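Please read them beside the coordinates.

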Amino acid sequence: MRWSIVGAAAGAVQFVSASTLHPPVLPLIVRNPYLSTWLGSARDLPWDRWPIFWTGQELGLSVLVAVPKSHSVFPLLGRPHDSLPKSGKAFNVSYPNYLGATFDASTTNLTYQVPAGDPLQPPAEVILSFLSPITPTSTLRQSIPASYMTVHVSGSFNIDVYIDINGLWVSANRGSEIEWSLEQTLDAASNNKPSLKTWKIKRRIEQLLTEDADRAEWGTLHFIGPGDVQHEAGESALLRQRFSRSGTLQNKVDGNFRSIMDQEPVFAFSKSFKLNSTSAIAARESALFTLAHIQEPVIQFASARGLTLMRPFWSAYYPTADAVLDYHYHDYESAFHLASNYSLQLEEDALKSGSEDYKDILALSARQVLGATSFAGTPDNPLIFFKEISSDGNMNTVDVIFPAFPFFLYTNPRWLAYLLEPLIEHQLSGQYPNDYSMHDLGSSFPNATGHPDGRDEYMPVEECGNMLIMGLALVNALKYNTAPASIWSASGRNANVQPSSSSAFPLYIDAKGMDDTFGGPIEAKGEKQARKWVERSYKLWEQWTGYLVREALIPSNQLSTDDFAGWLANQTNLALKGIIGIRAMSEISELVEEVNDARYYRNISETYIKKWQEYAVSRDGTHAKLAYTWFGSWTTLYNLFADSLLCFHLPSSSSTLSSIGQRPLGSKHATASRTSFVDEKIYKLQSDWYHNVRQRYGLPLDSRHLYTKSDWEFFAVAVASKNVREEIVDSVALWVNETSTDKPLTDLYDTEGNGGFPGIEFKARPVVGGHFAFLALERACGGKAVPALDFLNEHVPEKNIHGDGEL
């Protein structure tokens with residue numbers, strides 16, 4: 001693990017290296033499905049457009065800088081200059097020199113040069129730094145729905161800064177009536193903390209647990225600044241013009257509550273930076289602001305005890321929103337260093353395993369994954385609720401968690417457990433009538449009310465396979481000696497699970513807000529946790545596996561996760577997922593000493609995989625077909641990733657069960673496979689095929705269309721040769737730089753043309769966690785997973801595998 005002390009508290013600037021990528025949209029304040037603000041003009045100038053919510057709706061967040069010496073005012077972010085005359089008696093509107101944006105996993109920095117007005121004097125530098133910290137060793141910090149915005153200035157002349165927000169942060173409806181207040185913390189003298197000023201804005205009549213255009217219609221926005229700033233609430237144009245003339249605000253609050261766009265009320269802070277100096281060294285100052293969206297309750301959940309209003313997770317530690325946000329504001333230094341540690345380690349790992357482009361793709365993806373989360377529950381039973389952003393709005397959709405789960409394995413497997421737990425609790429309680437895994441926990445976030453009629457989206461093989469694969473991956477992440485699936489799992493104190501705890505994964509937090517270890521060898525903690533988790537829910541795992549035994553080998557006409565592509569029978573890739581799921585159940589059963597079940601599922605899976613290899617491959621032996629009976633078709637076999645992630649490919653299985661032994665395909669003189677479950681030739685022919693069908697912007701999903709899914713691209717090439725992986729990463733990076741899409745990073749796009757949306761607009765979806773597939777694989781199987789695939793990098797004459805099975 002690489003720790004880096006980057007700077008001191010709010011005066012530090014997170015060092016972010018220049019990116020090789022130039023995406024159309026960048027994250028600014030991205031914390032959960034409702035606190036999600038993006039720079040929508042990332043390839044252009046930040047003052048060309050207003051920042052946007054992930055849907056594309058504009059939000060009011062504006063920044064102005066005034067230079068008293070030159071009587072000039074400069075827009076930095078948003079379009080506040082639309083409220084200003086181009087020139088007047090007291091000021092002139094000018095534009096700074098924008099030096100561009102840099103980003104890492106937690107931070108986006110926008111850097112500007114502001115001229116002094118004197119050609120002999122160097123310009124000042126202003127950096128707007130947006131930090132939504134990813135803290136894998138501190139679940140409490142991650143759960144707080146708040147982000148930091150720091151204004152850093154350096155120069156030799158005085159600068160005034162103005163920031164305002166409007167009511168669109170608390171409602172999608174511009175006609176909604178809102179109310180607001182300004183509160184001040186006045187106890188600085190007694191506890192040596194700076195006093196704070198806080199704007200609080202909310203709808204006058206809140207609509208509890210209700211969305212409008214994916215926006216929350218309940219909750220309070222808190223905009224917090226240091227105590228020495230000036231403040232004012234009032235009509236946007238008047239405040240901006242007043243600041244431009246005087247460089248300050250009046251410390252007044254307009255008490256005329258009204259609708260969001262009725263004489264648009266804004267809530268502003270201004271700060272004067274006294275940098276005037278004769279020194280050759282530029283003076284440096286900064287000011288820290290935070291934005292938070294506080295809701296209580298956060299979720300409605302059909303739990304085992306019935307319909308429950310879920311409180312936010314942070315409320316188990318802090319009695320009020322004011323208390324947790326005071327902690328959050330003064331915790332900046334710790335959050336800053338924890339986020340820096342994660343970003344630097346991610347960069348190091350990505351560079352070792354990929355490239356500069358891969359590093360930047362992962363940095364761009366990380367906040368987007370966590371932007372779909374809502375942390376709830378208690379320390380004894382923490383829960384994470386997950387929004388299927390932009391596609392359906394479902395809750396804890398199993399086939400959305402599945403593509404995202406490599407991120408959680410790499411970052412914090414504990415959070416994967418908290419994502420799966422609501423699904424397991426709900427189904428164990430008997431509220432779901434089908435014998436296969438449910439598709440999602442509720443059709444509309446934030447209401448996890450289930451599907452008591454059993455009429456959720458029909459993906460039975462898909463979801464059963466997903467749950468079993470993720471279940472065993474989580475078990476494996478718990479059971480480690482020296483090489484955990486996430487290096488952060490081994491951080492923290494070694495708190496053992498108490499027998500009295502109702503959960504297998506209670507969270508123990510120390511006085512500094514840091515988590516205990518997750519899993520591991522300390523007194524067999526990891527195996528105890530895994531066994532307790534599986535024993536409690538074993539009947540579900542058994543039930544889902546029974547369905548796969550009946551249905552996985554030859555799937556009936558149904559949807560896979562790629563539901564936009566339509567229904568299809570005999571799907572090759574779907575069948576592989578189901579068979580791997582059965583194999584996973586063998587090891588899950590073994591964990592809880594259900595030896596007969598383990599042997600049965602092992603035998604079934606090995607019989608099925610032999611049959612699958614006969615059915616799956618094209619007649620010329622060059623690739624897997626999209627469906628067994630669709631000759632001339634091909635597919636990206638992204639579910640092959642699970643075979644290696646779960647260590648089934650290792651020559652010597654970790655299972656204590658005796659292996660039936662796999663006969664090599666082809667002639668009786670063929671060389672034995674170097675993989676133990678899916679034959680190595682499947683790996684090789686697919687790797688070669690991906691090279692052959694790659695398009696300008698990546699690897700198409702299958703032979704039906706030229707569109708692709710970026711998550712599945714990374715799943716697929718994680719188990720391809722190094723050269724093929726590099727080719728596809730290069731293509732995806734080119735797409736990021738050239739795509740015509742104009743929303744937060746999409747996972748569904750055309751691989752040719754302008755790389756745009758293929759008629760369907762997916763955006764800001766957490767499935768980009770799949771981009772972490774290779775990093776998750778590198779740490780799987782105690783670090784043995786990737787070396788066991790070295791045969792893919794051998795340059796040997798191509799040997800086709802021929803499928804001769806008949807249905």
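**Notes on the predicted model**

1. Helix 10 covers residues 525–551, which is 27 residues, and its first and last C-alpha atoms are 36 Å apart, close to the 39 Å expected at 1.5 Å a residue. The expected span is 1.5 Å times one less than the number of residues in the helix. Helices (H or I, at least four residues) and strands (E, at least two) are DSSP runs, numbered from the N terminus. At S537, helix 10 bends by about 70 degrees; the bend at a residue is the angle between axes fitted to the seven residues ending there and the seven starting there.

2. On sources: this is a predicted model, in which local features need pLDDT of at least 70 and side-chain atom pairs count only at pLDDT 80 or more, while totals for chains, interfaces and linings use all residues. Residues are numbered from 1 along each chain as its sequence is written, and side-chain values use heavy atoms, with hydrogens and water left out.

3. Helix 11 (residues 572–591) has 20 residues that should span 28 Å at 1.5 Å a residue, and the 29 Å between its end C-alpha atoms agrees with this. Because 19 of its 20 residues are buried, helix 11 is largely enclosed by the rest of the structure. Here buried means under 20% relative accessible area, exposed means over 50%, and partly exposed lies in between (1.4 Å probe, protein chains only). After helix 11 comes E593, with a positive phi near 65 degrees.

4. The search uses a 1 Å grid over the protein atoms alone: a cavity is a set of points where a 1.4 Å probe fits but cannot get out, and lining residues have an atom within 4 Å of a point. Grid points are joined across faces, edges and corners, and a volume is the space filled by probe spheres set on the points.

5. The largest cavity holds about 170 Å³ of space. It is lined by 17 residues, and N32, S143, P145, S374 and F375 are the closest to its centre. Helix 1 (139–143) and strand 24 (373–378) are the elements that give two or more residues to this lining; strand 24 has the largest share, three residues. By class the lining of the largest cavity has nine nonpolar residues, seven polar and one charged. Ala, Val, Leu, Ile, Met, Phe, Trp, Tyr, Cys and Pro count as nonpolar, Asp, Glu, Lys and Arg as charged, and the others, Gly among them, as polar.

6. The second largest cavity holds about 140 Å³ of space. Among its 16 lining residues, S560, D562, Q571, L626 and R704 lie nearest its centre. This lining comprises six nonpolar, seven polar and three charged residues.

7. V729 belongs to helix 16 (residues 722–738) and counts as buried, at 6% relative accessibility. Leaving out residues up to four places away in sequence, V729 touches S355, D357, Y358, I361 and F714, where contact means heavy atoms within 4.5 Å. D357 is 372 residues from V729 along the chain, yet their C-alpha atoms are separated by 7.1 Å.

8. S244 lies in helix 3 (residues 236–246) and is likewise buried, at 6% relative accessibility. With residues up to four places away in sequence not counted, S244 touches L64, V73, L84 and F91.

9. Some backbone angles deserve a look. Most residues other than glycine have a negative phi, and most peptide bonds are trans. The bond from E296 to P297 is cis, with omega near 5 degrees, and P297 sits in the loop between strand 21 (283–294) and strand 22 (299–303). F445 and P446 are also joined by a cis peptide bond, with omega about 10 degrees; P446 is in the loop between helix 8 (413–428) and strand 26 (447–448).

10. Is N396 buried or exposed? N396 is buried, at 0% relative accessibility. Its phi is positive, near 45 degrees, and its place is in the loop between strand 25 (381–386) and helix 7 (398–411).

Conventions. 1 Å grid on protein atoms, 1.4 Å probe; cavity = no way out; pocket = protein on both sides within 12 Å on 5 of 7 lines; lining within 4 Å.
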